[in-house]
Amino acid sequence: MTDALILARAQFAFTIAFHIVFPVFSIGLASYLAVLEGLWLRTRKPVYLDLFNYWMKIFAVAFGAGVVSGLVMSYQIGSNWSVFSDKAGPVVGPLMAYEVMSAFFLEAGFLGVMLFGREKVGDRLHFAATLAVAIGTFASAFWIIAVNSWMQTPAGYGINAQGQFLPLDWMAVIFNPSFPFRLVHMVLAAYLTTALVVGAVGAFHLLKDRAQPAARKMFSMAMWMITLVAPIQILAGDAHGLNTLEHQPAKVMAMEGHYQSHPDGAPLILFGLPDQKAGIVRARIEIPKLSSLILKHDPNAPLAGLDTIPRQNWPYVPVVFWSFRIMVGIGLAIAGLGALTLLARARGKLYDWKPPQWLALGMGPMGFVAVLAGWVTTEVGRQPYTVYGLLRTAHSASPLDAPAVAASLAAFAVVYFTVFGAGLFYLLRLMSQPPHAHETGPGGPSPLRAAGLTPAPGIAPDRLLHPAE
Amino acid sequence: MPIDLTLIWAAILAFAVFAYVAMDGFDLGVGVLFPFFQRGAQRDTAMNSVAPVWDGNETWLILGGGGLFAAFPLAYAILMPAVYTPLIAMLLGLVFRGVAFEYRWRTERAKWAWDLAFCGGSALAALSQGVILGAILQGVKVAGRGYGGGWWDWLTPFSLLCGVSVLAGYSLLGATWLVLKTEGALQDRAYRLAAWLTGATLLAIFSVSLATPFLGAAYWRRWFEFPRILATAQVPLLVLLTAGALVYGLKRRRETWLFPLALGLFALGYVGLAISLFPYVVPTQVTIWQAAAPPSSQAFMLVGAAILVPIILAYTGYAYWVFRGKVGAEGYH
C-alpha cells in the first residue's frame with residue numbers, strides 16, 4: 001500500500017467521520033422539530049413552542065456545519081478518488097445528483113424560511129417549511145444510503161470496455177440487497193442519537209430543577225423514543241447482520257473474529273485480541289456455538305472463517321472486531337436506559353428518580369459514538385474494496401503525490417478541529433441554558449449570546465418577569 | 001435526429017454553474033467586503049441580507065460538482081485532481097465562512113474572529129474559484145483516463161489573474177446587492193464600493209479577455225476567425241453597453257439597476273467562456289461527448305432534473321420573495 005493511498009483513506013475517513021455526525025443529528029432533530037411544531041399548532045401549549053425555538057437555535061448551528069462539511073465530501077470523491085469516480089460515476093453519480101436535487105435544495109431552500117420567516121409567512125406556512133426541511137433530511141439519507149449500499153452490495157450493473165460500471169436496471173441499483181436494512185438501521189440510529197442528546201439536555205436541567213416544565217417535557221419525549229425504538233433497532237441490526245452474512249460473508253467473519261472455519265458450530269467471541277498476522281484471536285472469552293445459533297439459528301450449523309478466503313481479500317479484523325463490539329455495547333446500553341426509564345415512569349417517578357437521569361446525561365453523546373463505530377465496522381469491513389468484490393481500494397485513488405494528500409489532510413485536521421471544536425462549544429453552551437418561557441427564535445436580542453456557562457446571565461432581564469413555569 | 005442527452009446535460013450543468021455564480025457570487029462578495037462596514041449594526045445588516053438564502057445558493061455548487069460527477073464522470077476524474085490545491089482551499093474557505101453565519105451570533109468575545117473567518121473564507125473561496133477556472137482554461141495534462149500533471153501545475157500568472165478577477169467581480173455583486181437591500185449609511189458605503197469595484201471588474205474582464213486568446217491557437221480561432229467574429233464580436237460590444245449603463249446607474253444612484261447590470265456582466269463573461277470552451281469540458285482534449293456517462297445514466301437523471309429543477313427554481317424564488325425588500329434594522333437574529 002502506497003503512502004498516498006493510506007493518506008487518501010485517512011483523509012476520507014477523517015472528513016466523512018466529522019461530517020456524518022451533523023446529518024445524523026439533523027435528521028433526528030428536524031423530525032423532532034416538526035413534531036414539536038405540529039403539537040404546538042394542535043394544542044397551542046406554549047411549552048411546545050418554547051421547545052421548538054430552543055432546539056431550532058441548536059439545529060441552525062448543526063445544520064450549517066453539516067452543509068459545509070458535506071460540500072467537502074461532494075468534491076473529495078473526485079479530488080482523491082478520481083479513478084473510482086470515472087469507473088463508478090455512471091452508477092453512483094446520478095444517485096448523488098438525485099440527492100442534491102430532491103434533498104439538499106429542499107432543506108436549504110426552506111431552512112431560511114424556517115429560521116427567519118415565522119413573522120413573514122405565518123404559522124401554517126412555517127410549519128410547511130419545517131416539514132419540508134424534515135422531509136429533505138430524510139430524502140438525503142435515502143439517496144446517500146442507496147449509494148453506499150450499492151458500493152457494499154452492487155446490483156443492476158454491467159461493465160464496459162473502459163472498466164466503467166454501467167447502470168442496467170435502476171430499480172435494482174437503488175433497491176440493492178442491503179439497501180432496505182441499511183436505511184432502516186441508519187434512520188433509527190439518527191432518531192436514537194438525537195433522542196439521547198435531547199434526553200441528556202432534559203436530564204441536565206431536570207437534575208438542577210425538577211419542576212422545569214420544558215425540561216420535563218423533552219426528557220419524557222426523548223425517553224419514550226428510546227424505550228420504543230431501541231428494541232426495534234436491535235432487531236433491525238440483527239436483520240442487517242444476517243443480510244451482511246449473505247452478501248458480504250468476509251465482513252461478518254471479521255466482526256465475529258472468525259479467522260478459522262467452524263464445521264460444527266461456531267463460538268461467539270465476546271472479547272479477544274485479533275492478531276491479523278497470525279490469523280488468530282488471542283485471549284478470547286467465548287460462548288460455544290452461540291455465533292452459529294445467532295447467525296444460522298442452529299447451534300451446530302457450520303460457519304466458514306477467513307481461512308476460506310485469500311489473504312489479500314481480508315478486511316483488517318482488529319478494527320472491525322472492536323468497532324462492532326463498541327456499537328453493540330452502546331446499543332444494549334441504550335435499550336437498558338429505555339427499560340430503566342420505563343420502570344421509572346411506571347412507578348410515577350420519571351422526574352424524581354435521579355439515577356436514570358444521571359445515566360441519560362452520561363449517555364448524551366453515546367449515540368454519535370455508536371454511529372461512528374457502526375460506520376467503521378461496515379466501511380473497514382468492506383475493504384479491500386470500494387465496490388465490493390469488483391473494484392479494489394488500491395485501484396480507486398487519484399494519481400496524486402503523497403505530499404499533496406498529506407498537506408491537505410493536515411489542513412483539514414487543523415481547520416475541522418478549530419471550526420467544529422468551536423461549534424461544539426457553542427452547542428454545549430446553548431444546551432447548558434434551560435429552555436425558558438417565551439423562548440425566541442434563533443438569535444433573538446443579541447446580548448443573550450454574551451451569556452456564560454451558568455444559565456442565570458443568559459436570561460434577559462425582561463424574561464425574569466416570567467419565572468420558570 | 002435523436003435527442004442529444006449529452007448536450008442537454010452540458011446545458012443543465014452550465015445553467016447550474018451560472019446559477020451558482022449569480023447567487024453565491026453576491027453572498028461571497030458581501031463576505032469579502034465585510035471589513036469595510038462598521039462593527040455592529042452595519043455588519044449585522046450586511047450579513048442578514050444574505051443569511052436566509054446562502055445555504056440554498058451554495059447548493060448549486062454541490063449540484064455543479066455532483067452533476068459533473070454524474071453526467072461527465074471522466075471530466076470530473078481528470079479535473080478534480082488537476083485543481084487539487086485550489087479546490088481544497090476553496091472548500092476550506094467555504095467551511096470558515098459558512099459556519100460564521102451562526103457562530104458569529106453565539107459569542108461576543110470572539111465575534112471578531114468569526115467576522116475575520118467570514119471575510120477571509122469568502123475571499124479565499126472567491127479567489128480559488130477564479131484560479132480553478134483559470135487552471136482549467138489554460139489546459140491540464142491528461143494521461144490515459146486521468147490527470148497526468150503535478151499538484152502545482154495550476155499555478156500560473158494567468159490562473160492568478162483569473163482568481164483576482166473573480167474576487168473583484170464577486171465583490172461588485174456583493175456591493176450592488178447591498179445597494180439593493182440596504183439603506184442609509186450602509187447603502188452609501190456600498191455605492192462607493194460599487195463604483196471602485198465596477199472599475200476593477202471591467203479591468204479584470206479586459207485583462208482576462210486579452211490573455212485568453214493567447215493561451216492557445218484554438219482560443220484565437222474561436223474568437224477571431226471570419227465569419228465567426230461577426231457573432232463573437234457582439235459579446236465585447238454588449239459588455240461595453242452594460243458597463244456604460246452600470247456607470248450611468250452609479251452616477252444617478254439607480255439602486256435597483258446596479259445588481260442586475262452587474263449580473264449582466266457576469267452573464268456576458270459566461271457566454272464568452274462558452275465560446276472559448278465548447279464543446280470541450282477539458283479544454284482541447286476531452287469533449288463533452290467523450291466524457292459523457294452512458295445514456296442510461298443521463299436519461300435517468302434527466303427525468304429527475306426535468307421535474308425537480310423547475311420545482312427548485314420555484315421554491316427558491318419563493319424564498320427570495322419572502323425576504324424581499326430592504327433588510328430591516330432589527331435583523332432576524
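**Exercise 1. The interface**

Work out how much area is buried between chain B and chain A in this predicted model, and what share of that area carbon and sulfur atoms give.

*Solution.* Start with the area: about 6500 Å² is buried between chain B and chain A. Carbon and sulfur atoms give 75% of that area. Next, look at the residues involved: 63 residues of chain B are in contact with 79 residues of chain A. Then turn to polar links. Across this interface there are 18 residue pairs in polar contact and 1 salt bridge. Arg145(B) and Asp86(A) form a salt bridge, with their closest N and O atoms 2.8 Å apart. Finally, find the elements of chain B that give two or more residues to the side touching chain A: they are α3 (54-71), α4 (73-82), α5 (84-103) and α14 (295-322).

**Exercise 2. A salt bridge across the sequence**

Find which parts of chain A are tied together by the pair Asp123(A) and Arg44(A).

*Solution.* First check the distance: the closest N and O atoms of Asp123(A) and Arg44(A) are 3.3 Å apart, and the two form a salt bridge. Now place each partner. Asp123(A) sits in helix α5 (residues 123-152) and Arg44(A) in the loop between α1 (3-43) and α2, so the pair joins parts 79 residues apart in sequence. As for accessibility, Asp123(A) is partly exposed at 24%, and Arg44(A) is partly exposed at 45%. Last, widen the view: both belong to a network of salt bridges that also links Glu37(A) and Arg118(A).

**Exercise 3. Helix length and core**

*Solution.* Then list buried positions of α12(B), among them Leu258(B), Phe259(B), Leu261(B), Ala262(B) and Leu265(B).

To finish, step out to the largest nonpolar core, which has 232 residues. Trp55(A), Phe420(A) and Phe72(B) have the most contacts inside this core. Helix α2 (residues 46-80) of chain A gives the largest share, 20 residues.

Note on methods: Residues numbered from 1 in each chain as written. Chains lettered and ligands numbered in written order. Predicted model: local features only at pLDDT ≥ 70, side-chain atom pairs only at ≥ 80, totals over all residues. Heavy atoms only, no water. Core = buried A, V, L, I, M, F, W, Y, C linked by side-chain atoms within 4.5 Å. Buried < 20%, exposed > 50% of the residue type's maximum accessible area, 1.4 Å probe, protein only. Helix = DSSP H or I, 4+ residues; strand = E, 2+ residues; numbered from the N terminus. Contact = heavy atoms within 4.5 Å. Buried area = accessible area lost by both parts, 1.4 Å probe. Salt bridge = Lys/Arg side-chain N within 4 Å of Asp/Glu carboxyl O. Polar contact = N/O pair within 3.5 Å; in protein donor to acceptor, adjacent residues only side chain to side chain.
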